[in-house]
Amino acid sequence: MNNEKENIFEEELLSHIDALHNFAFYLTHNAQEADDLVQETYFKAFKHINYFQDGTNSKAWLFKILKNNFINEYRKKNRGGVKVDFEDALRGVEGDIDIEIPENIEFDPELAGMILGDEVTNALNSLSVEYRSLIVLCDLEDFSYEEISKILGIPLGTVRSRLHRARAMIKIKLYDYAKKIGISTKK
């Protein structure tokens with residue numbers, strides 16, 4: 001590997017390690033599995049760094065690799081199902097949008113309980129992976145709907161409708177807590 005690709009890996013890709021770990025933790029609910037998932041993601045990114053196009057959204061590219069790794073591992077453990085096409089993730093997120101993704105929005109999974117509160121964290125963790133990943137990507141990691149669509153490989157309308165349902169589920173789960181602390185008295 002040449003120095004330019006090593007620099008891209010070290011300077012651009014490694015800077016997203018905390019955000020990747022947070023997303024992996026929310027997917028797996030297990031710190032060790034999250035570490036393994038992030039390690040596998042970086043291994044594949046490093047191995048296939050030539051697929052990365054300089055100037056594209058490196059964070060979205062890594063999140064897509066991580067999501068595909070998670071799905072492949074989940075299927076292997078539970079059903080031995082068909083694998084997600086890793087080559088799609090390696091090509092990058094086509095049609096990247098020129099939106100600056102804030103680098104300072106990163107939640108440490110161990111601190112999430114203190115930042116979000118136990119009730120919010122429990123409500124988030126009670127959602128299925130399908131809904132939880134949308135909340136994490138949109139509301140914690142600040143990806144746009146278009147970026148989430150590309151990361152998860154689902155249509156934009158599906159992102160919007162599932163995110164709406166996920167937020168409604170959390171609202172229902174947190175109703176009593178919100179009422180208790182005086183945030184809301186309406187359902």
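Lys67 is buried, at a relative accessible area of 9% (buried is under 20%, exposed over 50% and partly exposed in between, with a 1.4 Å probe and protein chains only). This is a predicted model, where local features need pLDDT of at least 70 and side-chain atom pairs count only at pLDDT 80 or more, while totals for chains, interfaces and linings use all residues. Residues are numbered from 1 along each chain as its sequence is written, and side-chain values use heavy atoms, leaving out hydrogens and water.

**Around Lys67**

- Lys67 sits in helix 4, residues 58-78 (helices are DSSP runs of H or I with at least four residues, numbered from the N terminus).
- Its side chain makes a polar contact with the side chain of Asn68 at 2.9 Å (a pair of N or O atoms within 3.5 Å; within protein, one must be able to donate a hydrogen and the other to accept it, and residues adjacent in sequence count only if both atoms are side-chain atoms).
- The Lys67 side chain also reaches the backbone oxygen of Ile151, at 3.4 Å.
- Leaving aside residues up to four places away in sequence, Lys67 touches Ile151, Leu152 and Gly153 (contact means heavy atoms within 4.5 Å).

- Buried residues in helix 3 are Ala34, Leu37, Val38, Thr41, Tyr42, Lys44 and Ala45.
- They cover an arc of only 160 degrees around the axis, so they lie on the same side of helix 3 (the arc uses directions from the helix axis to the C-beta atoms).
- Exposed Gln39 and Lys47 are on the face turned away from that buried side.

**The start of helix 3**

- Asn30 caps the N-terminal end of helix 3, with a side-chain oxygen 2.9 Å from the backbone nitrogen of Gln32.

Definitions and conventions
Helices (H or I, at least four residues) and strands (E, at least two) are DSSP runs, numbered from the N terminus.
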